Structure formats: structure tokens, C-alpha cells
Amino acid sequence: MKTIKRTIAEVARDLEGAANILILSHENPDGDAIGSSLGMAMGLREFGKNVVAANATVVPERISWLVGAGEIVTELPSTRGFDTILLLDCAERERTGFDLSGIPEERFISIDHHPNTAGVGRKILIDTQAAATGELVLEILLEMSANIETAIATALYVAIHTDTGGFNYSNTTRMTHMSASILLDRGVDPAEVHRHLFGNERRERVALLGEVLSTLELELGGRVATCVVTKKMLEKTGASPEDSDDFVSYPRSIRGVEVAVLLKEQGDGKYRVSLRANTDVDLSLVAKKLGGGGHKKAAGATISGSMKEATATLLDALTEAMERAAS
Ligand code: AMP
Ligand code: MN
Ligand code: MN
């Protein structure tokens, strides 16, 4: 499915006319959310625009080294002074985790690559073919003839690297590598980025991985693999909740597994669920049904109940989705 409601050029022209821009992304941000926000913020500032970037959640440590990461505020500034509220890597007010109700639709622009998302704003660019929102931000900055300095390029490279699992997931395209090539031309050092992202782990995180792997269960005849992160494990190891962010790749890597699940205990009876598919099952629909969202092969939601109830709800939804995919 390809949904482009607006072209890159239309969005670029609109941004050229904007003066005061507030950049927001989804809460619990990943490398694409933060990398896109920082890359766009720095790019727009080159044109003398007043740009503020905010996110409802603090920037994860893994990407906090990016230039400008420390300037992303976690409180929503008064939106009155901004002619444009730019949503990146999400296209719905609610996903930001901020209360944006009452702000006129005309003030928003949204740029995203998630399917099954409505979009808000005077311009909505949703390209589900893009591997990362960072690819779209790069295209827009190129269209605006922005001077893409190394700091901007590095932020966008991190965005693309994150959402493609280091250029490995099935969303990786020729365009993804072309984008990376442009970014390397602008000074990105891939080995340095990799060292920051994966060669700089806290020992608490590795200790947490040991705990989490011991919870591995194979369900539905080995088609679904689940792992759990409990509050207790975080206490025991001294790790923080975001330390487990990509642990879902371990259950995913098991032979024969079609869907991998990571359940993270949030406290107050809530679990955040990460879902990853190895086959054609549509997880964006499964997640949507559970009140979340995401992509076909990578989606998430927050569900309530005991661990047992949460797992049962999830397995029911997955069984149905896998049957649908097979038929
Ligand atoms: P995660 O498992 O948290 O890495 O998320 C995988 C994908 O699903 C990302 O594209 C997220 O933006 C999306 N996602 C995760 N949780 C939610 C949610 N509660 N609502 C909408 N999308 C979500
Ligand atoms: Mn994201
Ligand atoms: Mn993304």
C-alpha cells in the first residue's frame, strides 16, 4: 500500500513559508522519531526559522549523543506562537502523548510512513514505502536546497539505521541505500554511529537481557515466541525500561517463529507489547485492534490485565491474524 496524500515538493513549499515551527513526534521515541526531529529542526534553522522540538518522553540514552538531543524539551511549550506544528514519524495528535486537542487542524503538518494512520494537518505526507521518516525528511531538505551538514546527516542516518535494523529489515530499499549514500557524502561516519548505537552498552542492559531470555516461551506450536520484562527484573539488574527496547529481536531470530512478542510490565496493570513478524501476517491490524498501531511487520500497543490475561488476549489476536494471512 502506498499512501501519498501530498508530494515532497508541496510540503517543502509549505515549510518554506513557515516561520515558527514546533516539531513533535511520538512518545517513547525511537531513533527515527528523534533523528527525524533533530535533522528537520537543524535543517529548518538554517533558513533562519524559529524551531522548537519537543517529545513527551526523554530521549533514550542510546541516541542522546546526537547533536541537539539535549535541547528537545519534554514539556509542551505554549503552542500559540507557532504557525506550524510539524508531526514527524506519527500523524495523529494522540500519538505525541501531549494534549493537542483544540488546536486547529490547519496549524498541523504531518509526515509519516505508518500505514492505517489518519493524518492531521493542512498537509499530510504519509509514504508507507519509505523505510523511515528520516528518508522523507532528507527528501524535503534536499527539495528545499538545505545545506545538509554532518550533524543533520548523522541524525537522519540514525533515523534510517534504526527503522531498518541497520539496513537489514524487509523495508530496506534501493531508496534507503541511496539516502544513506547521500548522507555519507555529507560526512556521516557509519562505524562511529554503530559504535555509539551498539558498542556502548551498559552492563545493566546485558544483565537484563540474561533475565529476559530466561522467560522465553514458544506458543502455538512454535509459531509465536514470547519474552517478558518485569519491574522486578529492572530492580534486580538496575536496568531502565528502555534498556529492553530491541530485545524482541531475540525471540524473533528463532527458527520457525512467525511472530515474536516482548511484553514489558509498566506497573498499574499495564503491559507495553512489541510485536515483530517474520511472515506475511499484518501486525499493524493486530496492534490497532489492541488500541495501538505500527507497521505490518513491527507494531506495538499497551494492554491491561494480569500477565496471563495480557498474553491470552494477544495470542487470540495473533491466532486470528495468522489464520487470515494463511487464507
Ligand atoms: P516498538 O515495538 O515499540 O518498537 O514499536 C514498533 C512500531 O509500532 C513502531 O513503528 C511504533 O511507532 C509502533 N507502535 C508501538 N506502540 C504503539 C502504540 N501504542 N500506538 C501506535 N503505534 C505504536
Ligand atoms: Mn518511530
Ligand atoms: Mn519510523
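Predicted model: local features only at pLDDT ≥ 70, side-chain atom pairs only at ≥ 80, totals over all residues.
Residues are numbered from 1 along each chain as its sequence is written, chains are lettered from A and ligands numbered from 1 in the order in which they are written, and side-chain values use heavy atoms, with hydrogens and water left out.

- H26 and D89 link distant parts of the chain, 63 residues apart. H26 is in the loop between β1 (20-25) and α2 (31-45), D89 in the loop between β3 (84-88) and β4 (108-112).
- Helices (H or I, at least four residues) and strands (E, at least two) are DSSP runs, numbered from the N terminus.
- Both H26 and D89 are buried. Buried means under 20% relative accessible area, exposed over 50%, partly exposed in between (1.4 Å probe, protein chains only).

**Salt bridges**
- A salt bridge is a side-chain nitrogen of Lys or Arg within 4 Å of a carboxyl oxygen of Asp or Glu. The count is 17.
- R205 pairs with D246 at 3.2 Å, N to O. R205 sits in helix α7 (residues 203-213) and D246 in the loop between α8 (231-237) and α9 (249-252), so the bridge ties together parts 41 residues apart in sequence. R205 is buried at 8% relative accessible area; D246 is partly exposed at 29%.
- R223 bridges to E258, with the closest N and O atoms 2.9 Å apart. R223 lies in the loop between β6 (217-219) and β7 (224-229), E258 in the loop between α9 and β8 (259-267), so parts 35 residues apart in sequence are tied together. R223 is partly exposed at 33%; E258 is buried at 18%.
- K296 meets D280 at 3.2 Å, N to O. K296 is partly exposed at 36%, and D280 is exposed at 53%.
- Salt bridges that share partners join E61, R202, E204 and D243 into one network.
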